[in-house]
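Please open the model in your viewer and keep the selection tool at hand. The tour below goes from one selection to the next and says what is found at each stop.

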Amino acid sequence: MQRLIAFMLGLWLWGCALPVSALTIEIIGGGARQLPLAVVPFSQDMPAGVSTVLGNDLRLSGLFNLVPTQASDNALSANEWRNRGVDAVVSGSVQPLADGRFEVKMRLLDAVQQTPLASVSEIANAGQLRVVAHRLADIVYEKLLGIKGIFNSKITYVLKRGGSYELKVAEFD
């Protein structure tokens, strides 16, 4: 038994004598090479802000460099976008329908290859436009990176306040 205690004490003393080094964590990627992307404001997008939500989702991923745009940029050709250093362009519209719903159209263009990558049309109520914007960001993300997007995801958590608990749901952004 004394041998075991002496052995453990020796191990402990040996461990204490080892040099202590700081833990260094290096994060690489996630912004080192951002894809230049233009998200042109969708026509008739106010007050829905579909193109704003879509652009914010992609910017928050850290994988895209959003190039400043304006509504008049919708008329630019793929070649003009490429000359501006843009690799891909998202454009679209939000059209009100007679029944109070909206038709949201989105187009994704590869400015380098000068080819369309996606064309999507969805009909939604005013309260669903934010969800549609997240879904469109997922489509753009997947088409450009080959990885399924997470922007339409929700996080559910429990919040304790005093003696009661609340179930909370948060969106990606």
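Select V158, Y165 and L167, which together form a nonpolar patch on the surface with about 370 Å² of accessible area (Shrake-Rupley method, 1.4 Å probe, with only the protein chains shown counting as cover; a patch takes residues with over 30% relative accessible area and no salt bridge, nonpolar side chains being joined within 5 Å). L167 is exposed, with a relative accessible area of 64% (exposed means over 50%, buried under 20%, and partly exposed in between).

This is a predicted model, in which local features need pLDDT of at least 70 and side-chain atom pairs count only at pLDDT 80 or more, while totals for chains, interfaces and linings use all residues. Residues are numbered from 1 along each chain as its sequence is written, and side-chain values use heavy atoms, leaving out hydrogens and water.

Next, select helix α2, residues 50–60, where D57 is placed. The buried residues of α2 are V50, S51, V53, L54, G55, D57 and L58, and their cover includes β1, β2, β3, β4 and α4 (contact means heavy atoms within 4.5 Å).

D57 is buried yet has no salt bridge, and the nearest side chain of opposite charge, R130, is 6.3 Å away (a salt bridge needs a side-chain nitrogen of Lys or Arg within 4 Å of a carboxyl oxygen of Asp or Glu; Lys and Arg count as positive, Asp and Glu as negative, and His and the chain ends are not counted).

Note on methods:
Helix = DSSP H or I, 4+ residues; strand = E, 2+ residues; numbered from the N terminus. Buried < 20%, exposed > 50% of the residue type's maximum accessible area, 1.4 Å probe, protein only. Patch = residues over 30% accessible without salt bridge, like charges linked within 9 Å, V, L, I, M, F, W, Y side chains within 5 Å.
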